[in-house]
Amino acid sequence: MLLRRAVLHSCSLLLLLLLAPSALALDPTQPTTNYMRTTFTVEDGLPDNVVNAILQSRDGFLWIGTGSGLVRFNGRGFTPVDFGIPGSLSQAVRALAEGPDGSLWVGTDLGIVRISDVEHYDPARSTSQVYHTDNVKDERLACFRFTRDGVLLVGTPRGLYRLSGASFISVLPKIDVHAIEEASNGHLLIVDDNDFLEWDRGKITRHPGLAAALAPDSGMAGHEMPNDVFHYVMQDHTGAMWFCSHWGIARQNRDTIYRYPPYSGNDVMRPIQTYQDGQGTIWALRGYGVFRAHQDALEAVLTGVTPRSILADRDGNLWIGTNGDGLVRFRDKPVHMYTTADGLPSNVPMTVLEGHDGTIWAGNNCGGLSRFDGKRFATYSEKDGLLNSCVWALAEDGHKDLWIGTWGGGAFRFKDGRFEQYSLAQGLRNNVVRSIVAAPDGSLWFATDQGLTRMRKGHLRNYSTADGLSSNHMIAVYADRRSGILAASSAGIDRLTGDRFVPLSSARQNLDSRYNGFGETQSGELYAFSAPRGISRIEGNQMVDIGADLDVLSMAEFRGQELWFSGGHGIFRVPAPNGGLSSENRRDPLDYTMFSPRTA
């Protein structure tokens, strides 16, 4: 059995999964201290701890350009890239770019290398071609840039070059290009040694008063400026301009300039680059670390190192290449905890539901019904008409009305902002409602302490041991994809057949038969959970034990690829090939990864 443990807190599994942040980028609402950090060095297979460039190709691989060669990273290990030219395997790589045709362009001191078949790259038979600008062998290029119309531009100390056919031609000679970015209007933003210029492929525009405007003291206007005012310039998705200057990092919105402290010109504080990820978050690289930019402050992410490159990949990870400290990856924690700090009335949610419109509802143990607005929870209780705030069950019916099961107050329907009670007085079997399910035929089922109640077209029908239930002490009720009704009680699991319940048989029938609930995959595999017996698969009227001695309370499926289970000892993840836990050899142990409050 594969068992790995990480440090997490115990909480409702569904709450964790339903509220998981998207994978577009690191969650900008979380403190940077919440990010998980992993560092890769030469001990992990990097050829050099100096990382100059990082790129993700369209096939998902990462390409890492270091001071001693290029490697490809597949998520597990690094593969060296041989360009097929003498000395290329250990050659310093300074820039990377991917062409519109999927080719990889690599900037080295030996020349500009193009690898055509990146998707099927094989280190043993690499196909590459070498280019030079002005037939100069010592390239010393600074940067690459493919424009939005597919033109490759190369910045060098001798000027700006453009790929034309099979050679590079000079388009802006006699400038020392440090950086190239593209504005929303298609203009190129070029840092030329100590100046900043815009180029629209025909006209060069300079900004002679900008340096003085960026200075920390506006009284410097007319005075001699430093020789290295501009280091990097970019425009973000809102149209704001970001300047990495001699003094620090500044943001310009129209005519307003905000200078991020510290803004002093200290060499250690010097900014290197700003970067925008897929979610619009701005990251700032300075001489002593990496920072996340807020409206009025920079929040430290990584300090004590000199960053050289940055990339946000398509999985939401942030990669930082450093000058001697290797490659650093930041990613969101696999689990985000929502607590009273986020507006929950307590840290003991009993049930969670995602509504048809994506709204997240949480039922709390004598704390009421909470609704998540994307940032915080707001809670309904007795003062709002929910006459019993001990919420144990939630369901949504075909009319998109919310149903709430309580401990002692029966069930409530929440519609148009009002609560309507259904209890013993209306014919409910008992006022302790542990579970509610909306069946495909439009009926609602309530599992109570004294049996089951079915509501169909406003009429209530009660079921008990007289109707075939193994016990009246119900724990859960479930409607599967085939419109079948399953009921879990303290005496086992029963299936509705016709208008009576029939018990399911198990090879361990004489052991503890208490099941806590049910789960079903997209492929239709049906499971039941038990604290002492773990996971059982339901096959017809048979129970097949597949994960004994696991304390399981609930299940959720993630993207059809893995199943997550919660229990009294934490949560655990199980790979689910083909959408289920079937195995050709049922004696094989369950392969899972455990997350719990304990460390290994």
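A disulfide is counted here when two cysteine sulfur atoms lie within 2.5 Å of each other. The structure described is a predicted model, in which local features need pLDDT of at least 70 and side-chain atom pairs count only at pLDDT 80 or more, while totals for chains, interfaces and linings use all residues. Residues are numbered from 1 along each chain as its sequence is written, and side-chain values use heavy atoms, with hydrogens and water left out.

**The disulfide and the cysteines**

A search of the whole structure finds one disulfide, formed by Cys366 and Cys390, whose sulfur atoms are 1.9 Å apart. The torsion about the S-S bond of Cys366 and Cys390 is about 95°, so this disulfide is right-handed. Cys366 lies in the loop between strand S31 (360–364) and strand S32 (368–372), and Cys390 in the loop between strand S33 (377–380) and strand S34 (391–396), so the pair ties together parts that are 24 residues apart in sequence. Strands are DSSP runs of E with at least two residues, numbered from the N terminus.

The table gives relative accessible areas, where buried means under 20%, exposed over 50% and partly exposed in between, with a 1.4 Å probe and protein chains only.

| Residue | Relative accessible area | Class |
|---|---|---|
| Cys366 | 47% | partly exposed |
| Cys390 | 12% | buried |
| Cys143 | 10% | buried |
| Cys244 | 0% | buried |

**A four-stranded sheet**

Four strands form an open antiparallel sheet in the order S23-S24-S25-S26, two strands being taken as paired if DSSP finds at least two bridges between them. Strand S23 (271–276) and strand S26 (298–303) stand at the edges with a single partner strand each, so one side of each is left without a neighbour in the sheet. Neighbouring strands of this sheet are turned by 25° against each other on average, direction ignored, with axes fitted as lines to C-alpha atoms and angles running from 0 to 180 degrees between N-to-C directions. Strand S25 (residues 289–293) pairs with S26 in the antiparallel sense over five bridges, and Gly289 has Thr303 of S26 as its bridge partner.

**Aromatic rings**

The structure holds 31 aromatic pairs, meaning rings of Phe, Tyr and Trp (its six-membered ring) whose centres lie within 6.5 Å, with planes under 30 degrees apart counted as stacked, over 60 as edge-to-face and the rest as tilted. Ring pairs link Phe40, Phe73, Phe78 and Trp319 into a cluster. Charges also sit over rings, which requires NZ of Lys or CZ of Arg within 6 Å of the ring centre and within 35 degrees of the ring normal. Arg72 lies over the face of Phe61, at 4.2 Å from the ring centre, and the charged end of Arg461 sits over the ring of Tyr463, 4.0 Å from its centre.
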